[in-house]
Structure formats: C-alpha cells, structure tokens
Amino acid sequence: GFIWYSERTGFLHLYLYDGDGREIRPLTTGSWQVDSLAGVDAANEIVYFLASKETPTECHLYKVSFQGGSPERLTPEPGMHSVVVDTKRGHFVAVNQAKDTPPTLMLRSLEDGRLLQTIFSQPEKAAAPYPLPQPEIISSQNGTGITLYGAVYRPPTSFGAGPFPTIVSVYGGPHAQRVTNNWLLTVDLRAQYLASRGFLVVKLDNQGSARRGLAFESPIRHKMGDVEVSDQVDGVRWLVEQGLADPERVGIYGWSYGGYMAAICL
C-alpha cells in the first residue's frame, strides 16, 4: 500500500491506500493541515508527520496509527520544529526554535518524544548579545470575520503608550508564512531598529499565505491585489482601535510580492 496526500477536505491530510489504489481510511482529519511526512514505520504501522494541529503559528511532530485515531504529539516545546527520523525508527533529531529560543538541536525518542540528549544549544550571550524584545503574536479578524495572525513590535516605554507612527512590513504572497513562533521574528533587526526609534512595526499574514488551508489560500487565485490588500488595511484598522497605531502616520515596505503589495496598498 501507500500513503496519499490530498486537500479534498480543504486541508492537506494523509490517507492510507492499498496496493490496488483503493482508499482504506483517512489517517488525519480536521481544520488543520499536514506540513510533511517525516517517516513511516511499516512494521509497527505508524506514520510520523509534521503539522500545524494546535495552531498555524507552530509546527510539531506527531505520530498516528495505520488504524487512524487521534495523533500523538512528540515535540513538547512551543515553537517551530524541523525533524529527521532515523532509519530504524527509534529516535529523531529535532531542531526547535521559538521567539524566546534560538535554534536548539535535540535527540528524542520516537516512542514518546522524551528528551534523550541536547546536542547543541546556543550560548545565551552568543544568541542575543544585545537586548532584543520579543514581538507579540496577535490575532485579529478581518472585515469578513476571518482570523488573521500578526506580529507586533512595540516601541520602548520611553515613547509612551501610543498611538505610534506605524510601519507595515509586508510580503503577502502565496507559498509563504511570516508570522510563526520562531527565533527569526525576534532577530529581525530592521523591525527591531525601527521599533527602537519609536515606530510600531507590524507583520500580518493575509489571505493567500500558506499553512491555513485552501479556503484561506485560494481567494487570491486569478484575483491578486484585492483581498490580501484589504486584510492588511483591516490589520492596521485593528491596531488603530487598540490605540496602538496612528492612522495619520502609516508606512509600508516590502520586496518581491511585498513590493507589489506596498504599491497597491498605497
């Protein structure tokens, strides 16, 4: 038999098929998506995969039986994970990172995810030789009630409580997701510098971005420069309502699709 990926439900999930191409059963279901297949233990009938089951702002390793059922999470730390599963299906190596955790390399058990060895962790002074405040991951709703995730970099308290002049850092195109619980958010030095100078900096994943399912990704198909622009505007309006953004002083920048977005948003 074989494992088949399909977005037939609107989210990418795994299905078990027999050798003649007949579907036996779905292995994963729900309003979340599988990111990738990490390994298959055919002898013990277990599938290992990376997914955004709890939240689209994180990525974790799970295992599920060929019989289906509820997947078991094997990576306990918050944040984003990438993994390599060993060929004997006894262990896996995971790289974990989060807003407050630079990439850390760990050896874990495939049975229950328990930590066997920390292979490498970044020394504290090397990871952050200068103070870098962690951005805040926020969620808001656009004009049609769809949840959008963003990252907000606030100015130091010496600039007051707001509203602040605001800079939107945008990409906005397909096949990308910028707002996740990962170390790259914290070490974005351009955003950190602008915040240190008194600007509120915001990143927002609009409709069309990745890892949210077909209904979220597809509205820009054959219609670019519409809903993704509206989502960015709605994000700024939400910040204005929170008393954080000054609606009279909003700038925007980006490159590649973000350059297109910056021009259309103007």
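Predicted model: local features only at pLDDT ≥ 70, side-chain atom pairs only at ≥ 80, totals over all residues.

**Entry: cavities**

The largest cavity comes out at about 70 Å³. Which element gives the most to the lining of the largest cavity? I found that α5 does, with five residues. At least two lining residues each come from β12 (136-141), β15 (200-205) and α5. I wrote down some names from the lining, among them I138, S140, V202, L204, V236 and W238.

**Entry: K223**

Next I went to K223, which sits in the loop between α4 (214-217) and α5 (227-241). Its relative accessible area is 48%, so I log K223 as partly exposed; the cut-off for exposed is over 50%. The K223 side chain has a polar contact with the D226 side chain, at 3.3 Å. I also checked K223 against V236: they are 13 residues apart along the chain, and their C-alpha atoms are separated by 22 Å. V236 is one of the residues lining the largest cavity.

**Entry: the three-stranded sheet**

I then turned to an open sheet of three strands, ordered β1-β2-β3, with antiparallel pairing. On average, and ignoring direction, neighbouring strands here are turned by 35 degrees against each other.

How many bridges join β1 and β2? I get five, in the antiparallel sense. In that pair, F2 is opposite Y17 of β2. The β1-β2 hairpin has six residues between the strands, and there G10 takes a positive phi near 100 degrees.

For β2 (residues 13-17) and β3 I get three bridges, again antiparallel. Y15 faces P26 of β3 across the pairing.

**Entry: cysteines**

Last, I looked for disulfides and found zero. I still checked the accessibility of two cysteines. Is C59 buried or exposed? C59 has 6% relative accessibility, so it counts as buried. C265 has 24%, so it goes down as partly exposed. The cut-off for buried is under 20%.

Conventions: Residues numbered from 1 in each chain as written. Heavy atoms only, no water. Helix = DSSP H or I, 4+ residues; strand = E, 2+ residues; numbered from the N terminus. Buried < 20%, exposed > 50% of the residue type's maximum accessible area, 1.4 Å probe, protein only. Polar contact = N/O pair within 3.5 Å; in protein donor to acceptor, adjacent residues only side chain to side chain. Pairing = 2+ DSSP bridges. Axes fitted to C-alpha atoms, helices over the stretch in contact; angles between N-to-C directions. Disulfide = S-S within 2.5 Å. 1 Å grid on protein atoms, 1.4 Å probe; cavity = no way out; pocket = protein on both sides within 12 Å on 5 of 7 lines; lining within 4 Å. Points joined across faces, edges and corners; volume = space filled by probe spheres on them.
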